[in-house]
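This briefing sets out selected features of a single protein chain, grouped by topic. The sequence and the structure are shown first.

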Amino acid sequence: MDLSTDIWGQLAVEASQVYLSDGTVRSPFADTTIEKLPDKVILQIFSYLSHREICRLARVCRRWRQIAYDTRLWKNVSLRPEVSGLHVGSLESLLSLIAVRFGPTLRYIELPIELITHTVLHELSAKCPNLTHMLLDFSTAMQLHDFSEMQAFPTKLRYMCICLSEVIFMEGFMRKIYNFINGLEVLHLIGTYEKCEEEEEEIYEVINVHKLKSATPNLRVINLYGINFIDDSHIDAFSSNCIQLECLAVNFCNKVTGSTLKTLIQRSKRLTCLLMNGTSLKSEFVMQVDWDKCALQELDITATDLSTECLVDMLTRIPNLRFLSAGQINGFNDTVLKQWMESGMTRSLMSIDLDSSDNVSDDGLQKFLTRHGQQLSACCLSGMPHITDQLWMSILPVLTNAKILVMGTSEKLGVNIHVDQLMDTIASSCGNLERLELRWDPDNLRFSDKSQKAIDLLRVKCLKLRCMVLSDGRYYETVKANFERADRVTVVRTTTCCRVSPYHLLSNYNDLIFN
């Protein structure tokens, strides 16, 4: 290797030299250590680390401690130990941190139940005037602190996330903050939804949504996630007061039937995103909505029981639909795809997710994707045993603008998936690819000793690829080692800890992120 053209190799050699006092072998880097770096450079290095790692580095020396406590490193802080690894031992310590380390630069903070007290909130209000994002985690609460003396609360909040408890009523706390949160634009209420077949326990409405909507007239994004008491009346309440509503998400709120959808669409003229995954939508209510007059562009109806008739009626009337997630629906079949295409309402489509749509044939999908594949940024056809690499090989050359692809099923198949050819085709056709997931069982993946060439081609051609998810097995280890040798260590992951979703393409994706 010519080290004169390899700066890293040159540095490695020079660092290993024996430096003589007469200067004959002395390197220009001989006196360069991290101690010689200016504070602003070390500060920039620290900015790439987690707060837990920064706290460890603060123990190294006095200088590093001073840099580690620079308020510019503490703009976004999570004090939930299970999330950040940071544990604040006492309220006094937190009050000191707010005054000394956080101050005016703090923009975002997450607080666990034990740190949510009126003194902490008062201090945040007084010492952190630029705080705009806050998460309050009440999910493990068995008892609330006393908020009767609370007189102050951060007033510039634009984003608030409240993780609800199943058994603690929040009204005593909420009543104290209503006057301070009328500037909110993004609201998350996170429930404790768990899908199970056990006998239903008594459900408590732990937060008064009807009062909350009156205090938050400027909401653009509302995310009610997995809350077991949320029903159609709560959707109606928000739509009656939030005229600027752009995005409503009620994923896994299984009491939502859609009875107030018609009113929602009539009132919310700016509503472009509606996410209703895992709800109990009824076809008769959905068919009553004036879809042809709506501004809706993004729709998620995954895991609902809508009929084929309802799906056809809805999709052929929404004029500018860009994003559709409609997996796990028995009524979604070739008839729906055909009539949707014939209506011309697929002209704006850029993302489609048909996960586990067993009633859609590979022939129906091929016709649809051959016609519309070039306009798609995301295509997710996972969870269907009859969709193998043969269909993907035929449609990948059309998916030239794809950024997100999800394929395969975790079920063991009777056929093998020739993954080398698949990687070659992806690399040749999808140069803009950012996220890729192959869910096939490792035992179904067939690859040769020459598979490294196919992986190399994918890695070199798809330079924007930031996430590749595979089932844990031999092929995963092969791909991971290949990317790690190229110093792209965070790209390859397993299906046990990561899943690819087209949600990244939602226009309000950054606002919808919580936790």
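Lys127 has a relative accessible area of 35% and is therefore partly exposed. The side chain of Lys127 forms a salt bridge with Glu123, with 2.8 Å between the closest N and O atoms. The model discussed here is predicted. The points below place this pair in the context of the chain and then turn to individual sites.

**Overall architecture**

- The chain contains 20 helices and 18 strands.
- Along the principal axes, the C-alpha atoms occupy a box of roughly 90 × 70 × 40 Å.
- Of the 515 residues, 50% count as buried.
- The accessible surface amounts to about 24600 Å², and carbon and sulfur atoms contribute 48% of this area.
- Among contacts with a separation of 6 or more, 78% join residues 24 or more positions apart.
- The domain assignment lists domain 1 (35-73) and domain 2 (350-514), and the C-alpha centres of these two domains are 39 Å apart.

**Salt bridges**

- The count of salt bridges comes to 22.
- Lys127 and Glu123 are four residues apart in helix α7 (residues 118-127), so about one helical turn separates them.
- In this pair Glu123 is buried, because its relative accessible area is 18%, whereas Lys127 is partly exposed at 35%.
- The side chains of Arg317 and Asp292 also meet in a salt bridge, at 3.8 Å from N to O.
- This second pair links distant parts of the chain, 25 residues apart: Arg317 lies in the loop between α13 (308-315) and β10 (323-325), and Asp292 in the loop between α12 (283-286) and β9 (298-300).
- Asp292 has a relative accessibility of 46% and therefore counts as partly exposed.
- A further salt bridge joins Arg439 to Asp355, with the closest N and O atoms 3.5 Å apart.
- Arg158, Glu185, Arg220, Glu246 and Asp511 are connected in a network of salt bridges.

- Asp232 belongs to helix α10 (residues 232-241).
- Although Asp232 is buried, it has no salt bridge.
- Beyond residues up to four places away in sequence, Asp232 touches Lys255, Val256, Thr257, Gly258, Ser259 and Thr260.

**Covered elements and residues**

- Helix α17 (residues 419-429) is mostly covered, with eight of its 11 residues buried.
- The buried residues of α17 are Val419, Asp420, Leu422, Met423, Thr425, Ile426, Ala427 and Ser429.
- Leu86 occupies the loop between α5 (81-84) and α6 (91-102), and its relative accessibility of 10% means that Leu86 counts as buried.
- Neighbours within four places in sequence aside, Leu86 is in contact with His51, Arg52, Cys55, Trp74, Ser78, Leu79, Arg80 and Pro81.
- The C-alpha atoms of Leu86 and Glu53 are 9.8 Å apart in space, and the two residues are 33 apart in sequence.

**Nonpolar surface patch**

- Met142, Val167, Phe169 and Tyr204 make a nonpolar surface patch of about 430 Å².
- Phe169, one of these residues, lies in the loop between β4 (159-163) and α8 (171-177).

- Most residues other than glycine have a negative phi.
- Ala303 has a positive phi, near 60 degrees, and is found in the loop between β9 and α13.
- With a relative accessible area of 25%, Ala303 is partly exposed.
- Gln328 also has a positive phi near 60 degrees and is found in the loop between β10 and α14 (334-343).
- At a relative accessibility of 41%, Gln328 counts as partly exposed.

Technical notes: Residues are numbered from 1 along each chain as its sequence is written. This is a predicted model: local features need pLDDT of at least 70, side-chain atom pairs count only at pLDDT 80 or more; totals for chains, interfaces and linings use all residues. Side-chain values use heavy atoms; hydrogens and water are left out. Patches are made of residues with over 30% relative accessible area and no salt bridge: like charges are joined within 9 Å, nonpolar side chains (Val, Leu, Ile, Met, Phe, Trp, Tyr) within 5 Å. Accessible areas come from the Shrake-Rupley method with a 1.4 Å probe; for residues, only the protein chains shown count as cover. A salt bridge is a side-chain nitrogen of Lys or Arg within 4 Å of a carboxyl oxygen of Asp or Glu. Helices (H or I, at least four residues) and strands (E, at least two) are DSSP runs, numbered from the N terminus. Buried means under 20% relative accessible area, exposed over 50%, partly exposed in between (1.4 Å probe, protein chains only). Domain bounds come from an automatic or database domain assignment. Lys and Arg count as positive and Asp and Glu as negative; His and the chain ends are not counted. Contact means heavy atoms within 4.5 Å.
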